[in-house]
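Visitor: Hi, I've got a model open and would like to walk through it with you. Could you take me around?

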Amino acid sequence: MSTRLFGTDGVRGKAGTYPLDHVTVRRIGAALVRALPPGAARVLIGRDTRESGLWLERELAHGARACGAEVVSAGVIPTPGVAYLTRSSDFTAGVVISASHNPFEDNGIKVFSGGGEKFSEELERHVESIVADPSWEVPSGEADAVPGEALLERYLAHVREALPDPGALTGARVAVDCANGATTSVAPRLFHELGFDVTLIGDAPDGRNINLHRGSTHPEELARTVIQGGHRLGVAFDGDGDRAIFVDEAGRIVDGDAVMLMCARRLHAEGRLKGAAVVATVMSNIGLELALAESGIHLVRCQVGDKYVMEELLKRDLSLGGEQSGHIIFTDYLFTGDGLVTALSVLGVMRDTGRSLGDLASDLTTYPQVLVNVRVKEKTDLRQVPEVARVMDRVDSQLAGHGRLLVRYSGTEPLLRIMLEGRDETEIRTWAGEIAEEVKKRLG
């Protein structure tokens, strides 16, 4: 078996099968503690609503306690809640048991440092090496329940700082989709206490319905709810609550690019956008880059994954970054995405500008995008294939600052992904086809 456990967002798999079987989860719990700096370790565990979450929590805690750690359960809580409480409540590490927007059969393990940041790849590799070391074993025995602490109130107080007073939006009708996931423990109370007229969907978890036709990856029912109920907006969270996708008053989807633009402009106008820059991944639309530039804001790109967004934000000491998928990081609050903070930040922009969500989102012109996949025999450096490099250079020059070419190999399949953005869809589709044809001739 491969010793690699951590992917781009922690350990993932089917609950009950490797690497999320009972034995391996115990070893991961123990290895986490062994990888921490010497001293008394306190570990906080939170989970989403999947039926496997409770036994995974107990097995992980069994391994951690076997290595001398004190383990505390926060119960069902969004991922950013664990990140915040780990940093603010004197825990050595925080663990989230969740598979985010995946179906209920899946689960996962994400780890946060005592500073509330996701474990670095270096630390993840260290944990993997400890798990793979055959010279030690976790003591057998029953995996007991994990003692809990009432910590949700502290997290809610922290989130409310993003919108202490809704002002003219008090009483506004908003629809909230909790994805039958972790935000069911906090979102209904938060929006009611802020004075909104709330319609809830996806707020009845049963252990198996997390993300089922609900949440940020399935906003169709939310859009219908917004239109039928005359709501000012709708917001859909994912299963673990670290991302948010919006629906405007007309039922149109508003993604992370539009959210980053409106929030960046607000922070910039208030003098709170550090470095006058925003971090986004290579998948964010070039329309975001051009719209930010009009406001004197630079876009820094990184590879796909909110952990890479976080790393760039830390490295450059910036305030805002995120992904098109709705992972938005406001470093004034936390170094991980927080769907609740994102929702309150968007409401704050609406309050301060007096504009509707649809009007704010219209500031972003989304350029047409074409994606073509080409199966290849080997992943050769394309710059070393003159015929392919020539076509790519020609396309780049034709885009001339009004479009974008991104060519990259898949990390998991023998595929080359060709992505083009530009003003004219027919034109960029033709150019993508020209690159694909040349790649097929040389590498297919």
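Visitor: Which residue stands opposite Val374 in S18?
Guide: That's Leu416. The model is predicted, so please keep in mind that local features need pLDDT of at least 70, side-chain atom pairs count only at pLDDT 80 or more, and totals for chains, interfaces and linings use all residues. Residues are numbered from 1 along each chain as its sequence is written, and side-chain values use heavy atoms, with hydrogens and water left out.

Visitor: Thanks. How many bridges do S16 and S18 share, and in which sense do they pair?
Guide: Seven bridges, in the antiparallel sense, with S18 covering residues 415-421. Strands pair if DSSP finds at least two bridges between them. Strands (E, at least two residues) and helices (H or I, at least four) are DSSP runs, numbered from the N terminus.

Visitor: And what is the strand order in that sheet?
Guide: S16-S18-S17, an open sheet of three strands with antiparallel pairing. The edges are S16 (369-375) and S17 (404-409), each pairing on one side only. From one strand to the next, the twist averages 15°.

Visitor: Which strands does H13 touch there?
Guide: H13 packs on the sheet and touches S17 and S18. Its direction makes about 150° with that of S17. Contact here means heavy atoms within 4.5 Å, while axes are lines fitted to C-alpha atoms, for helices over the stretch in contact, with angles running from 0 to 180 degrees between N-to-C directions.

Visitor: Let me zoom in on Val395, which belongs to H13. Buried or exposed?
Guide: Val395 is buried, with a relative accessible area of 0%. Buried means under 20% relative accessible area, exposed over 50%, and partly exposed in between (1.4 Å probe, protein chains only). H13 itself spans residues 386-399.

Visitor: What does Val395 touch?
Guide: Not counting residues up to four places away in sequence, Val395 touches Leu405, Leu420, Trp431 and Ile435.

Visitor: New topic: the four-stranded sheet. What order are its strands in?
Guide: S13-S12-S14-S15, an open sheet with mixed pairing. S13 and S15 stand at the edges with a single partner strand each, so one side of each is left without a neighbour in the sheet. Neighbouring strands are turned by 20° against each other on average, direction ignored.

Visitor: How do S14 and S15 run, parallel or antiparallel?
Guide: Antiparallel, joined by three bridges. Across that pairing, Gly322 stands opposite Ile328 in S15. Helix H9 (residues 286-294) packs on this sheet too, touching S12 and S13, and its direction makes about 150° with that of S13.

Visitor: What about H10, which of its residues are buried?
Guide: H10 covers residues 306-316, and the buried ones are Asp306, Lys307, Tyr308, Val309, Met310, Glu312 and Leu313. Their cover includes strands S1 (6-7), S12 (277-281), S13 (298-302), S14 (320-322) and S15 (328-330), along with helix H4 (121-132). Just after H10, Asp317 takes a positive phi of about 55°.

Visitor: Nice. Over to S4: why is it described as largely enclosed?
Guide: Because five of the seven residues of S4 (residues 70-76) are buried. S4 pairs with S3 (residues 42-47) in the parallel sense over six bridges, and Val43 stands opposite Val71 in S4. The chain crosses from S3 through helix H2 (residues 53-66) to S4 in a right-handed β-α-β crossover. Right-handed means that, with the strands pointing away from the viewer, the path from the first strand over the helix to the second runs clockwise.

Visitor: Now rings. How many aromatic pairs does the structure hold?
Guide: One. The ring centres of Phe191 and Phe196 are 6.2 Å apart and their planes are at 55°, so the pair is tilted. Rings of Phe, Tyr and Trp (its six-membered ring) pair if their centres lie within 6.5 Å; planes under 30 degrees apart count as stacked, over 60 as edge-to-face and the rest as tilted. Phe191 and Phe196 are both buried.

Visitor: Last one: which charged end sits over the ring of Trp136 at 4.2 Å from its centre?
Guide: That of Arg34. Arg27 also lies over the face of Trp136, at 4.0 Å from the ring centre. A charge sits over a ring if NZ of Lys or CZ of Arg is within 6 Å of the ring centre and within 35 degrees of the ring normal.
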